[in-house]
Every structure is written in structure tokens, then in C-alpha cells.
Amino acid sequence: MTNTSTPAVFAEPVRKVPGRWIAAFAVAWLGVWMAQLAPIQKLLPDQVQTELHTTSWVDNVVAFGVISGISGVCAIVAYPLTGALSDRTTSRFGRRRPWIAAGALVFAVSLVLLGLQTSIVGMGVFWSLALTGFCILTAALTATISDQVPVDQRGYVSGWISAPQAIGIILGVALVTYVFVGAFVGYTAMAVLLLILALPFLLLPDAVLPPELRERMSVRGVIEGLWISPRAHPDFGWTLLSRVLVNFGNAFGTSLLLYFLEFGLRDPNADDDLLVLILIYMVFVIVASLVLGRLSDRLGRRKAFVFASSAVQGVAALLLAFVPDLSVAFIAAALLGVGYGCFLSVDQALATQVLPDPETRGKDLGIMNIALAVPQAVAPLFGAMIVAALGGFAGLFVLSALFAFAGAFAVARVKAVR
């Protein structure tokens, strides 16, 4: 399809998005990350532990991991399906905005109801619904990058996904720990903040798809669309594989850090030291995602940044595996922050440049986003099983490093993007 025959709604954007667009985008992501990460890091584990009445960390992590793993299955379905639906939406409000609004609402209501649950089954049901809302919302949000942001600005703009993630984890956990105390109050506060912070982006314009350009949709077509042949589109396949591997590596390296401090290092101040690790990690994620994302735009290079960031995460995991010491853990947190911050921003930009078809950006990015959500969802369960089977944390961190290094080599196979 040539530029002269490409409808405007599908054309590659060439005009840079202004600062107010980026600000609203970043604020929306801050709300998203607080609403997702505060439950994962604090509210849901505490809720599970209260229900189980056990001090065994393995039992707690396995129960939490089962809930999280089930929600990961929802993500596998919700991401590409809602992406495909938003590709075909002809609302006068635009293609993406209705889904951003719907996802935020489903996410928020599910969080409030989750705070009322007193059984493991209820927690599993409403956390799965909450994560489904998260997927609907973020599938549409990430698609706006391909829709509205030119290629030479995508590294920097994508940095405003990862920088709010780093801020959101510490701010969200701090709020539900010290201000909005208690399950129901904490979940409700995160739900309200999500809706308030998503609102500015909903007020920005969104391209409208004319009804005559809408592709017909069928169940068979949607199912077939979930498969993108790596033979026909090898760059998409290698980028997706790299994402899966690196995100599993990062999740294995970070999801059980509290238990590593408590039971691996026998740290008497594990809670306080975990907060220090998160702060170090946060600072380096923010700096790396914004600075290196912009540098990637200026140099016009993506692969080298993604390769290096994946390798740095692997080195950090090896440090944790073979030098189990608190001071080394602080260094590893900084390396993980640099590596993951750079990876999140530049890899997101890379993903937008290997999409097979401009008419199915939402669906294709939804498939890409599975590689972000599922590893984070199932890693606590797999990680606890690995630690229990091996009798320690070294094997888990070695596995984390191997996944990160494998992700680096996978992205090196991408050919169409420098």
C-alpha cells in the first residue's frame, strides 16, 4: 500500500506529538501502574496471607501465584481481542478512546469489588477481571503510539510508559501502606486515582475510522489473526520472542526479592532494605528510559540498545546468584534499573516498527503486550517452585540471567530495524 493510497487513519504519523499530549499520556500510565502494581506488591499478597493464616512464605507465594497465573490467561485473550476490536471501532470518539475509557472503568470497579473479597476464589475472580480491564486499557493506550507518534519520537514517548511504572510502584505501595490502610480502602483509592489520572488523555483527540474502511470481523478471523507467521514476518517473531524472554528474566529476578532478603540473606531489616532497593531501581529506570529512549531516537538505532539492556539485566542476575550480599544487591538493583528502563522504552519503539499491517496495529501490539503481562503474572508461582525445588535462590537468579541473555540474542536477529 503506497503513501498516496493509504487512508489518513492508517498512515504513518509524521507530525511530532506536543508536550501536553506526552504529559497526559504519562499521567495516564502513572494511574495504570499504581492501580496494577500496588495490588501485586502489597494489597493482594497481604489479602492472601490473611485468608490462609500461614507463615510459610512458599504457601503464600504459591497461592498468590495461582491467582496471578489465572489472571495471566485472561491477558492472553484480552490483549489481542480488544486490540482487534479497537482497530475496527468506528465511534465518533475515535478508535482507541472508547476502549481506554471502558478498560479504566472495568479495572476500577473490579479493584473496588476485589477489596471486599474474603475467599481465595473471590480474589482470583476479581483480580482476573481487574487484569482484564488493565489489558483493555493498555492495549488501546499503546496503540496510540503507532497511531499518533512518528518513528523518530517513539523511543522518548515510550520512555513515558516505563518512567511512570517506576514511580507508580513506589508511590502506590507507599500510599496503601501509610495513607490508605486496609484492603478495601487501598483498592478503592487506587481505583479512584486510576480514573482521575486517565481522564486528561481521554480529552485529547483520536482519529475516527470511517465505517466504509472497517474490516469485517468474525470469530474465525479473530482466531486466525492471533497467529502471525514468523516465517512471513520474522522481525515481528524475533521481537516478540525477545520480549517474552527478557520479561521472564526480569520477573524471575525481581518478583521474589523480599523473600530473597528475608530467607536468602537472613536480613533482619528486609522490609526497609526492600524499599531502598525499589528506590534505587526506580531512579535508574526513570533515567535510563527517558535518556536512552531519546538517544535511541536521535541515533536512529534500536537493536543495539535492546541487546545491551538485556545483557545488563543478565549480569545483574548473575551478581545476585553468585555474590549473595546486601551491598551487591544494591548494585544489582541499579543495573536492573538501567537495563529494564532502557529495554522498556526502546523495545516498545522497536515493536511499533515491526508490525505487519498498519490496519491491525491494535491487535498486533496486543499480541506484543502479552509478553509484558504474562511473565509478570506467572513468575511468582514458577519462581517459588524453583526456589523450593533447588533449596535456594541461586538457581532462580541463574535462570533469570539465562533468559535475559537469550532475549538479547533473539533481538539481534531482527533485520529491518537498525
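Cys135 is buried, with a relative accessible area of 0%, where buried denotes under 20% relative accessible area, exposed over 50% and partly exposed in between (1.4 Å probe, protein chains only). The structure is a predicted model, in which local features need pLDDT of at least 70, side-chain atom pairs count only at pLDDT 80 or more, and totals for chains, interfaces and linings use all residues. Residues are numbered from 1 along each chain as its sequence is written, and side-chain values use heavy atoms, with hydrogens and water left out.

With a disulfide defined as a pair of cysteine sulfur atoms within 2.5 Å, the count comes to zero disulfides. Cys135 is accordingly in no disulfide, the nearest cysteine sulfur, that of Cys74, being 8.1 Å away. Cys342 also counts as buried, at 4% relative accessibility.

Leaving out residues up to four places away in sequence, Leu141 touches Phe25, Ala28, Trp29, Val32, Ile100 and Phe201, contact being defined as heavy atoms within 4.5 Å.

Ala24 is placed in helix H1 and is buried, with a relative accessible area of 8%. Residues up to four places away in sequence not being counted, Ala24 touches Pro200, Phe201 and Leu204. Ala24 and Leu204 are 180 residues apart in sequence, yet their C-alpha atoms are 8.5 Å apart in space.

Thr352 lies in helix H12 and is buried, at a relative accessible area of 4%. Its side chain makes a polar contact with the side chain of Arg154 (3.0 Å); such a contact is a pair of N or O atoms within 3.5 Å, of which, within protein, one must be able to donate a hydrogen and the other to accept it, and residues adjacent in sequence count only if both atoms are side-chain atoms. Apart from neighbours within four places in sequence, Thr352 is in contact with Ile145, Ser146, Arg154 and Leu365.

Helix H14 (residues 394–411) has 18 residues and reaches 26 Å from its first C-alpha to its last, close to the 26 Å expected at 1.5 Å times one less than its number of residues. Its buried residues include Leu396, Phe397, Ser400 and Ala401. Among the elements covering the buried residues of H14 are helix H8 (234–254), helix H12 (326–352) and helix H13 (361–390).

Key
Helices (H or I, at least four residues) and strands (E, at least two) are DSSP runs, numbered from the N terminus.
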